[in-house]
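Let's walk through this one together, from the overall picture down to a few individual side chains. Have the viewer open and follow along.

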Amino acid sequence: MKTSLRTGIALATVLAAGLATPALAQSVPTDWSGPYIGLYGGYLDTRDDGAERLVFDRDFDGEFDDTVVLDGTTTSAFTAASCGGTAQGLTPGAGCSGDSGGIEAGVRLGYDLQFGNWVVGAVGEVSAVDAKDSVTSFSTTPASYTMVRDLDHTAAVRARIGYTAGPVLFYGTGGAVYGKVNNRFQTTNGANSFTEQTSEDDADGYQYGAGMEWKLAPNLSLVGEYLYTSLEAGDYVVRAGPGTAPSTNPFILPPNTAGTDIARSNGDFEYHGVRLGMNVRF
């Protein structure tokens, strides 16, 4: 996680520094006050939680603090390791494919006010996103169980505060973000039935980051920025039912033969983003 953060900041810094060098040499008016509209695109690095796993509710009390045990024992049926990613086989030894980086593209609308060298403002954005966050746990049966969150789009409103140096504006930004998440479940267990109980697709959270904007002309600017996003993805619960499994199946052992509810231990969807964009000012 720390490596991903450092990588994102480093990429944004290198990109901004390289593009800012020729811009600083230009004689461009530095009035930043007024509205602007822009386009941007970028790369997303989803933040894998190495400690995440699937958790279970055997008594349907809404608390995912129960252990799924093997018949006639107190031994957990999920003593095998979990991983951040999608299973490539029935056991941890087969490995997991980690979540690949995502992409985004969007439009922004903002307004700035300049006070000497200081600039304050607000910006609203809508982004189309292609990114996922998945986790897998393995049972000793053996079988794999994977939950995936696919992020479809986001909308954000943030404040900006910056300082001008020639034609370049250095700024920090932070605010609220909403995301649309599609949840899905997959397993190699063909004996039990698996039915969605809850699937909340709305996600709310926050964003913060920093960037550089430099004027190529009085009404045209180039933007490079880094953003960290944290979304609370909402509840997603799948019930493992009897299916064709025998009565000794760990998911349907007494006292609850109706099944077991399954969820993720971490409700957050977190990622780092590096962007490049253009703004037109009015």
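**A tour from the surface inward**

Tyr111 has a relative accessibility of 43%, so Tyr111 counts as partly exposed; that label covers the range between buried, under 20% relative accessible area, and exposed, over 50%, using a 1.4 Å probe and protein chains only. Tyr111 sits in strand E6. Strands (E, at least two residues) and helices (H or I, at least four) are DSSP runs, numbered from the N terminus.

Before going further, a word on the model. It is predicted, with local features needing pLDDT of at least 70 and side-chain atom pairs counting only at pLDDT 80 or more, while totals for chains, interfaces and linings use all residues. Residues are numbered from 1 along each chain as its sequence is written, and side-chain values use heavy atoms, with hydrogens and water left out.

Now zoom out. The chain has 15 strands and 1 helix. Of its 282 residues, 45% count as buried. If you look at contacts (heavy atoms within 4.5 Å) with a separation of 6 or more, 75% of them are between residues 24 or more positions apart. The chain exposes about 12,600 Å², and carbon and sulfur atoms supply 59% of that; the areas come from the Shrake-Rupley method with a 1.4 Å probe, where for residues only the protein chains shown count as cover.

How many disulfides does a search of the whole structure find? The search turns up 1, taking a disulfide as a pair of cysteine sulfur atoms within 2.5 Å. The partners are Cys83 and Cys96, with their sulfur atoms 1.9 Å apart. Cys83 belongs to strand E3 (residues 82–83) and Cys96 to strand E5 (residues 96–97), so the pair ties together parts that are 13 residues apart in sequence. The torsion about the S-S bond is about -65°, so the disulfide is left-handed. Cys83 is buried at 16% relative accessible area, whereas Cys96 is partly exposed at 25%.

Next come some backbone details. The peptide bond from Thr141 to Pro142 is cis, with omega near 5°, and Pro142 lies in the loop between strand E7 (118–139) and strand E8 (143–165). Another cis peptide bond joins Pro254 and Pro255, with omega about 10°; Pro255 is in the loop between strand E13 (236–241) and strand E14 (260–264). Phe60 has a positive phi of about 55° although it is not a glycine. You'll find Phe60 in the loop between strand E2 (54–57) and E3, partly exposed at 31% relative accessibility.

Ser221, in strand E12 (residues 220–232), is buried at 0% relative accessibility. A polar contact of 2.5 Å links the side chains of Ser221 and Glu213. Asp99, in the loop between E5 and E6, is buried at 11%, and its side chain makes a polar contact with that of Ser134 at 2.4 Å. The C-alpha atoms of Asp99 and Gly84 are separated by 7.6 Å, with the two residues 15 apart along the chain.

Methods
A polar contact is a pair of N or O atoms within 3.5 Å; within protein, one must be able to donate a hydrogen and the other to accept it, and residues adjacent in sequence count only if both atoms are side-chain atoms.
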